[in-house]
Amino acid sequence: MPDRFLLALLDAGVVLAVTVAGLWAWRRWHYRSFWLVVGYPLMAVSVRATWRKVALGCGLTKKRQRFWFTTVPGLVSSTGTVRVKRRFQRVAVDTKPWMWLPMPTRYGWRVTLHTLEGQTPDDYSAAAERLAHSWRVHAVRVSSPRPGRVVLAATMRDPLLRVDEIPPSSELLKVTVGRLETGRPWEIDFRTVPHWLNAGATQSGKSNLANVLIVGLAPQPVALVGFDLKGGVEFTPYSPRLSALATSRAECVELLDDLVGLMADRMSLCRQAGARNIWQLPPAVRPVPVVVLVDELAELYLMADKSEKDEITKTSTALLRVAQLGRAFGIYLFCSGQRIGSDLGPGVTALRAQCSGRICHRVNDPETATMTLGDLDPAALVSARAIPAETPGVAIVASQDGQWYRARSFYVSEHAAERAARMYADLTPSWEEITSGAQPIEMTDDDLAQFLTPAAVIPEPRKG
Ligand SMILES: Nc1ncnc2c1ncn2[C@@H]1O[C@H](COP(=O)(O)OP(=O)(O)OP(=O)(O)O)[C@@H](O)[C@H]1O
Ligand SMILES: [Mg+2]
């Protein structure tokens, strides 16, 4: 008899061990299906079951008057003990926000809540970290699709620890440069957001992002132009695919002059055809789009001695003009830098206002984050400062929709970018070809008003 009992116990133990090992292997080798079939249902039940406690702990409940059965003191019996009795009466109870069923996502789950009276999405953003700890998830992000609703998106583990390969670009001027925290692709689309600021401390992944862009844009019918005042160390290896490269201040002034002349030329072309931008021109006469990559923006504005003052003023004015009119004439800016602060002069502040795409890699000081991301949600600034040095390429991305995302670029080594530059060298339009016919016409204020892009959507940082 005990033998049979022991055998049954052994059998049960073996079955349990095999099940646990099977589940472990399933989770290890195909996390997505494991998550959908096993992890998500368990999590959905537990999130719903504990929501009252969690909402109470995170300060998301409100007191409301409700009719409730409560115990109230009754008669005092002869022994001196107070007898209680239940009564149906109005009392103040803690009410939790109504929660829909959590839905699975690629890296976790998301759930819609109905806000309680007096609550705003900011109340939920402020509690996001507390919620993440209560649910033991990597992060909780808050968005509000419409008034009265908030969506909490929880990620179980950091999806940006490892990001996969760069996919080929499918559309002109659009490059998938990495992955967003939500699992969606991180795209830089110059036709939607024409100018970008890319800030970050040293070794934070700024140049890597420029490499991704070079690899993504090299096979496309676009002209690439580089400004590299670090002596050309960053961009010179990519020169086979660059139509022009400026590595000294004098070259910068000359190249920017060319770009302004090019814009004037394209402006008269558009005017003759009655078009408001080059995209309204027939494809046969449409000029080639130009993507301008600037490495270390501050170098363009820093003065070594007084003699450079004029050149810097010229550079600053021309760059601003390119930013103002670039969208209409197919000239797009991608400016990288460690510092993009107002201490570099008013030119930088004005340029920043024109760049509606903002990318903030790891930063050491809060000012750079504020300057780059503008007056976004303070949580974005906190996130930017919390990016660890061990994950270069992770950045906070702000775009025209006013939303911000945590994202990571694909890793593209200098060798890979160099290889792409050489492979597509025959697609490089020569600078003479592009600028032939470009005349340095002065632009009047009327011209500017006609083709000016709307001001950047991202608000500037608050003063004071
Ligand atoms: N997305 C990424 N994934 C993995 N590693 C990355 C990523 N981006 C950058 N790195 C690593 O970080 C290193 C530094 O990146 P990068 O040269 O782009 O920094 P940077 O911000 O341009 O620095 P600097 O200001 O000194 O020029 C790279 O050599 C690379 O090894
Ligand atoms: Mg760099």
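Does Arg136 count as buried or exposed, and how many C-beta neighbours does Arg136 have inside 10 Å? Arg136 counts as exposed because 8 C-beta neighbours lie inside 10 Å; the classes are buried for 20 or more other C-beta atoms within 10 Å of a residue's own, exposed for 12 or fewer, and partly exposed in between, with C-beta atoms placed from the backbone. The structure is a predicted model, in which local features need pLDDT of at least 70 and side-chain atom pairs count only at pLDDT 80 or more, whereas totals for chains, interfaces and linings use all residues. Residues are numbered from 1 along each chain as its sequence is written, and chains are lettered from A and ligands numbered from 1 in the order in which they are written.

The protein chain contains 14 helices and 17 strands, taken as DSSP runs (H or I, at least four residues, for helices; E, at least two, for strands) and numbered from the N terminus. Its radius of gyration is 29 Å, well over the 23 Å that the globule rule gives for 464 residues, so the chain is more spread out than a compact globule. The radius is taken over C-alpha atoms, and the rule is 2.2 Å times the number of residues to the power 0.38. The C-alpha trace spans about 105 × 60 × 45 Å along its principal axes. Of the 464 residues, 38% are buried. Among contacts with a separation of 6 or more, 68% join residues 24 or more positions apart, a contact being two C-beta atoms, placed from the backbone, within 7 Å.

An open sheet of 10 strands shows mixed pairing in the order E9-E8-E17-E16-E15-E10-E14-E13-E11-E12; two strands pair if DSSP finds at least two bridges between them. Strands E9 (185–189) and E12 (242–246) form the edges, each pairing on one side only. On average, neighbouring strands are turned by 25 degrees against each other, direction ignored. Strands E10 (residues 195–199) and E14 (residues 331–337) run parallel and are joined by 5 bridges, with His195 bridged to Leu333 of E14. Helix H8 (residues 309–329) packs on the sheet, where it touches E10, E13 (290–295) and E14, and its direction makes about 135 degrees with that of E14. Axes are lines fitted to C-alpha atoms, for helices over the stretch in contact, and angles run from 0 to 180 degrees between N-to-C directions. Helix H11 (residues 378–385) lies across E15 (357–360), E16 (394–398) and E17, at about 160 degrees to E16.

Ligand 1 is surrounded by 14 residues, the closest being Gly205, Ser207, Asn208, Pro392 and Gly393; a residue is near if its C-beta atom, placed from the backbone, lies within 6 Å. Helix H5 (206–217) and strand E17 (404–409) each give two or more residues to this shell, and H5 provides the largest share, 3 residues. The shell comprises 2 nonpolar, 10 polar and 2 charged residues, where Ala, Val, Leu, Ile, Met, Phe, Trp, Tyr, Cys and Pro count as nonpolar, Asp, Glu, Lys and Arg as charged, and the others, Gly among them, as polar.

Tyr124, in helix H3 (residues 121–126), counts as buried because it has 23 C-beta neighbours inside 10 Å. Leaving aside residues up to four places away in sequence, Tyr124 touches Leu60, Val142, Val150 and Leu152. Arg136, in the loop between H4 (128–135) and E6 (139–143), has a positive phi near 55 degrees although it is not a glycine. Glu296, a residue other than glycine, also has a positive phi, of about 55 degrees, and is found in the loop between E13 and H7 (298–301). Glu296 is partly exposed, with 19 other C-beta atoms within 10 Å.
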